[in-house]
Structure formats: C-alpha cells, structure tokens
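The paragraphs below take the annotated positions in turn and then turn to the annotated domain.

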Amino acid sequence: MSDKTIVFAPRGSYKEVEKSMLLMPKFDEKGLIPAMAVDYRTKEPLMLAYMNEEALKMTIEIGEAVYYSRSRQEIWHKGLTSGHIQKVHQILIDCDQDAIVLLVDQIGAGACHTGHHSCFFRSVPFGEAVKDGEPVALEAADDGCCFDAEAVYGKK
C-alpha cells in the first residue's frame with residue numbers, strides 16, 4: 001500500500017447524495033456496506049460480501065477486491081489465501097450510495113469457497129414450479145464445482 005490517503009466526502013442531504021459526483025458511502029449501523037462482485041465480461045454475479053470503510057479504501061487504492069469478513073471480524077483481501085484474486089475494472093455505487101457493485105476479473109478457478117465459480121450456484125424456483133405445502137427445492141444453476149475447495153482452503 002502507498003501513502004495515499006483516500007477521503008470520502010461527508011454525507012450530505014438525500015438530494016446532495018443522489019446528485020453529487022463525490023463519494024459519500026453510507027455504511028450501516030455495523031459500519032458495513034454490501035458489495036456485489038460481478039464478472040466484468042459476462043456480467044455473471046460472483047459473490048456478495050461486505051466492506052467497511054477500510055476495505056473500501058483499500059479496494060480503491062490497490063484495484064483488487066478487499067472485503068470485511070463478518071464471521072472472522074477482519075479485513076479480507078479476496079484471493080490472498082486461494083490465489084483467486086478479483087482484479088477490479090470498475091466500482092459502481094448506487095443512487096443513495098449504500099450499495100456497491102464491483103466489476104471484476106476473477107483470477108483463478110472461482111469466487112466461492114465451496115469450489116463453485118460463483119457463490120450463486122443454486123436457483124430458486126418460483127410460480128408454478130413451487131409445490132404447494134412443501135419446502136422449496138433449489139435447482140442447480142451451474143455445472144458443479146470447478147476446483148477442489150478442500151485442497152485450496154483446507155477442511156472447514
């Protein structure tokens with residue numbers, strides 16, 4: 001990391017936030033903002049994670065996805081353990097600046113710790129496909145695992 005200081009503008013009024021060309025991220029009561037990683041070429045959703053202020057600033061500075069792990073309560077530079085780094089091509093923020101989309105180049109076999117390319121490897125049926133009175137059965141949305149998660153991450 002360099003000595004660069006990343007600064008966010010203070011949150012203004014609702015109208016200022018919507019119209020401003022300054023970054024004014026709105027973190028929730030736990031100091032987090034949702035960040036959706038999407039493949040920049042295919043637009044396939046890869047994963048949803050969260051960033052705190054430090055993670056967002058690091059992502060902006062280094063151009064690789066850095067998240068905040070809610071389970072481990074620590075900064076998580078995606079791919080440092082697995083080699084499955086996410087190179088950022090564009091960072092999008094929504095109208096009220098409380099959600100982020102990262103358009104990334106997913107380096108390595110996949111984004112998901114389960115061994116799938118995407119964390120969104122199951123589909124939820126709806127409408128007539130749902131059976132009355134029964135638990136909703138998920139459907140496969142991909143071709144299965146693309147890497148051995150146990151070999152990459154060890155036993156969980």
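Cysteine 95 is placed in the loop between strand E5 (86-93) and strand E6 (100-106); helices (H or I, at least four residues) and strands (E, at least two) are DSSP runs, numbered from the N terminus. The model is predicted: local features need pLDDT of at least 70, side-chain atom pairs count only at pLDDT 80 or more, and totals for chains, interfaces and linings use all residues. Residues are numbered from 1 along each chain as its sequence is written, and side-chain values use heavy atoms, with hydrogens and water left out.

Cysteine 95 is exposed, at a relative accessible area of 52% (buried means under 20%, exposed over 50%, partly exposed in between, with a 1.4 Å probe and protein chains only). Apart from neighbours within four places in sequence, cysteine 95 contacts Val17 and Glu18, where contact means heavy atoms within 4.5 Å.

Cysteine 119 lies in the loop between E6 and strand E7 (122-123). Cysteine 119 is partly exposed, with a relative accessible area of 30%. Its contacts, leaving aside neighbours within four places in sequence, are Leu46, Met47, Ala111 and Cys112.

An unreviewed UniProt entry places the feature "binding site" at Cys95, Cys112 and Cys119. These residues are spread over 25 residues of sequence and also in space, up to 28.0 Å between C-alpha atoms. UniProt positions follow the numbering used here, feature names are shortened, and annotations may be inferred rather than shown by experiment.

The unreviewed entry in UniProt also lists residues 47-121 as "domain: Phosphoribosyl-AMP cyclohydrolase". The end C-alpha atoms of residues 47-121 lie 10 Å apart, and the span is 13% helix and 37% strand.
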